[in-house]
Amino acid sequence: MEATSARLKALADADPYAELLRARLLVDDPERLTVELEVALRHTNFMGLVHGGAVYSLADFALSLISNAEAEAVALDTHLVLAASARAGDRLTATAYPVTRSRSVATYRITVERGDGRVVGIFTGTVFHRGRYPTGGAR
């Protein structure tokens, strides 16, 4: 578990897009991983609401981390349902957990919530696991 935690932190720290978004890893548990984003003006659209792309990106960041916790993974399919809005100043958390896993394919559910507990998005991602990481770290 300690090696997995270190790997998740290293993957999160090495993600330039997550850095651009200012998304960060909160909980590095590969069974229930959480990332967060403080919604800023740069994350909003012309209506002053969080851009769907920002919600998608946060959920996809969670997917990339949880699916790469133990093995190198690439996305096969993703889907986002937007259920509510958020505004600048809101804190979004995306919690990811596995739904199904086999040796090579896994599906994860990511729920994106506002600080008040309202669900903003429900994201499903299916990945293909290309291979296990060698002992000692990520490829």
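Modeller: Rings of Phe, Tyr and Trp (for Trp, the six-membered ring) count as a pair if their centres lie within 6.5 Å, and planes under 30 degrees apart are called stacked, those over 60 edge-to-face and the rest tilted. By this rule the count comes to one aromatic pair. The rings in question are those of Tyr56 and Phe123, whose centres are 5.2 Å apart and whose planes stand at 65 degrees, so the pair is edge-to-face. Because Tyr56 lies in helix α3 and Phe123 in strand β6, the pair ties together parts that are 67 residues apart in sequence; helices (H or I, at least four residues) and strands (E, at least two) are DSSP runs, numbered from the N terminus.

Before going further, please keep in mind that this is a predicted model, in which local features need pLDDT of at least 70 and side-chain atom pairs count only at pLDDT 80 or more, while totals for chains, interfaces and linings use all residues. Residues are numbered from 1 along each chain as its sequence is written, and side-chain values use heavy atoms, with hydrogens and water left out.

The two partners can also be described by their accessibility, where buried means under 20% relative accessible area, exposed over 50%, and partly exposed in between (1.4 Å probe, protein chains only). Phe123 is buried at 0%, whereas Tyr56 is partly exposed, with a relative accessible area of 29%.

Turning to the core, a nonpolar core is a set of buried Ala, Val, Leu, Ile, Met, Phe, Trp, Tyr and Cys residues joined through side-chain atoms within 4.5 Å. The largest one has 33 residues, of which Leu33, Val35, Leu58, Leu65, Leu92, Ile110 and Val112 touch the most other members. Several elements each supply at least two residues of this core, among them α1 (2-13), β2 (33-38) and β4 (91-101), and α3 gives the most, with nine residues.

Val35, found in strand β2, is buried at 0% relative accessibility. Leaving aside neighbours within four places in sequence, Val35 is in contact (heavy atoms within 4.5 Å) with residues including Leu58, Phe61, Ala62, Leu65 and Leu92. Val112, with residues up to four places away in sequence not counted, touches Val55, Leu58, Ala59 and Leu92, among others, and Gly121 is also one of its contacts. The C-alpha atoms of Val35 and Gly121, which are 86 residues apart along the chain, are separated by 14 Å.
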